[in-house]
Amino acid sequence: MTSISDRVRGRQTPAPTSLPEPATDLRPGVHADRHPERLAAVMADGTAGLTYRELEYRSQRLACAIADRGLGPGDRVAILLGNHPSYFVAAWAAQRAGVAYTPVNWHLTAEETAYIVADSGARALISSHRLLSLAEPAAASSSVTWRLLVDGRTDGWETLEDAVRHAPDSDAVDRVEGQWMFYSSGTTGRPKGIVRPAATTPYGSGTPIDSLLGGQYGFGPDTVYLCPAPLYHAAPLGWSMGTQRRGGTVVVLESFDPVRVLEAVERHRVTHAQFVPTMFIRLLKQPAEVRSRYDLSSLEVVVHAAAPCPPEVKRQMLDWWGPIIHEYYAGSEGTGFVAIGPDEWLTHPGSVGRSKRGPVHILDESGAPLPAGSDGMVWFEGGGRFDYHRDPAKTRAAFNPEGWSTLGDIGHLDADGYLYLTDRANDLILTGGVNVYPQEVERVLLLHPQVLDAGVIGAPDPDLGERAVAFVELIDGVTGDEQLEQDLFAHLRAHLASVKRPRTVTFLDQLPRLPTGKLLRRRLRDLLPVPPGTRDPVA
């Protein structure tokens with residue numbers, strides 16, 4: 001029987017030396033004219049869909065409604081919606097109205113949601129009936145003057161149907177591209193808005209992401225793109241809207257589930273998809289009979305990002321899906337872009353690639369350059385300007401005197417200019433004067449067959465300053481007991497030097513991760529001190 005790897009082999013997309021030029025007309029309306037009944041978006045289970053004709057009409061009318069309420073370039077709109085085709089009506093309406101729009105994380109508490117809406121200064125809030133418990137407190141912000149529900153009716157909120165029906169035509173729409181104002185994930189504190197320079201390009205010019213999708217990853221009218229992550233994050237929303245600019249179809253999962261991912265690929269003949277390493281791990285942990293049950297031969301390009309992928313995990317994915325797996329490293333700040341293709345990665349395992357947008361520099365704490373192979377802070381040259389909203393101190397810290405910017409990651413370059421990420425600077429554990437990188441320890445723990453997820457943080461230690469402690473989530477059907485603890489300690493001893501090994505392992509039902517895969521280490525720190533009785537006796 002021909003394996004999936006054999007069927008897809010030879011279809012890898014080469015990585016260019018620089019980002020390609022954008023296409024000339026990147027308006028979804030072009031595809032509404034050519035293929036009005038083609039699906040612009042569809043739920044993976046088939047429960048809801050949106051044609052290009054519907055997307056064009058509804059987004060244009062909603063953009064007119066936004067303009068009719070006096071909102072335009074310089075104003076801000078907040079979007080609080082779950083993964084659903086209606087998300088794209090709201091996002092494209094904001095894009096066409098030329099406003100800045102903030103996708104809001106619906107996994108947050110009501111207080112956190114209200115903070116983002118108020119902090120952003122949003123004058124309009126677009127939400128759904130299902131999220132009213134979050135939307136109502138957020139809409140109480142003094143800046144919000146217009147509330148819109150995409151479904152259902154309730155007092156104090158206008159419906160999407162009414163806004164579309166009654167909006168007057170406006171010549172203020174479809175002039176300039178709107179722009180995203182994403183908020184950081186807040187893994188170490190309050191989320192911060194990321195403000196880019198005001199957009200002045202004509203509507204239809206697209207964004208840097210859009211040129212990337214067509215030139216580097218082959219997105220086009222025949223693309224079927226699977227979005228398994230929340231649309232309130234930069235990559236899922238940006239890549240989905242980029243798919244629609246080129247006339248493809250976005251298949252939306254309400255939330256990530258490994259089996260539903262495999263089902264969606266087979267059902268919709270998905271050609272392109274994007275994941276984070278945690279999703280790869282959960283896919284690989286499925287039983288062999290589940291992994292082999294689905295036809296994945298339609299896949300042409302699979303991309304992963306958001307966090308370094310353990311090399312062992314990536315090798316297993318390449319063995320399973322073939323040499324179609326690409327990787328990139330970038331941030332919502334829009335500064336820097338590093339990418340690597342499957343063939344390159346096999347010769348530079350563990351690397352996130354080479355820069356496609358200006359030189360990368362590795363600097364020590366004093367700002368001096370470090371030689372190849374030495375870990376330091378990663379800085380991007382020529383990445384453009386951004387600000388952290390209402391946080392000038394954080395903005396200043398993100399730039400050095402040369403104007404280079406950093407996302408706060410530690411890494412090194414090899415002799416060929418390939419970048420390797422070590423960890424986040426804020427996550428570094430300093431134990432007895434030695435640097436310990438949590439991601440290195442977590443990768444070892446994930447190699448254990450009974451471990452589904454792992455998180456490592458530093459805990460206060462009176463002698464060493466800090467010590468590494470581990471939190472582990474086990475695969476279904478496995479219970480954490482004393483014997484498994486000792487097995488994990490033995491596993492750590494076999495792969496890590498003594499100074500790097502966690503002294504305790506605590507079993508959790510589920511690690512606190514965002515849907516994008518980012519680990520909320522601050523939530524793990526809330527669990528300290530670790531309960532007694534789990535210390536490695538050989539440490």
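Trp239 touches Ile209, Leu212, Leu213, Tyr217, Phe219, Tyr225, Gln274, Val303 and Tyr328, leaving aside residues up to four places away in sequence; contact means heavy atoms within 4.5 Å. This is a predicted model, in which local features need pLDDT of at least 70 and side-chain atom pairs count only at pLDDT 80 or more, while totals for chains, interfaces and linings use all residues. Residues are numbered from 1 along each chain as its sequence is written, and side-chain values use heavy atoms, with hydrogens and water left out.

The largest nonpolar core has 63 residues, and Trp239 is among those with the most contacts inside it, as are Leu62 and Phe88. A nonpolar core is a set of buried Ala, Val, Leu, Ile, Met, Phe, Trp, Tyr and Cys residues joined through side-chain atoms within 4.5 Å. Helix H4 (residues 86-97) gives the largest share of this core, 9 residues. A second, separate core of 56 residues includes Met279, Val444, Ala470 and Leu496.

## Helices H16 and H17

Helix H16 (residues 438-446) packs against helix H17 (residues 482-495) at an angle of about 120°, their axes 10 Å apart. H16 is therefore oblique to H17, a term for angles that are not under 35 degrees (roughly parallel), over 145 (roughly antiparallel) or 65 to 115 (roughly perpendicular). Val441, Val444 and Leu445 of H16 meet His491, Leu492 and His495 of H17.

## Asn400

Asn400 lies in the loop between helix H15 (392-397) and strand E20 (409-413). Helices (H or I, at least four residues) and strands (E, at least two) are DSSP runs, numbered from the N terminus. Asn400 is buried, with a relative accessible area of 12%; buried means under 20%, exposed over 50% and partly exposed in between, with a 1.4 Å probe and protein chains only.

Technical notes. Axes fitted to C-alpha atoms, helices over the stretch in contact; angles between N-to-C directions.
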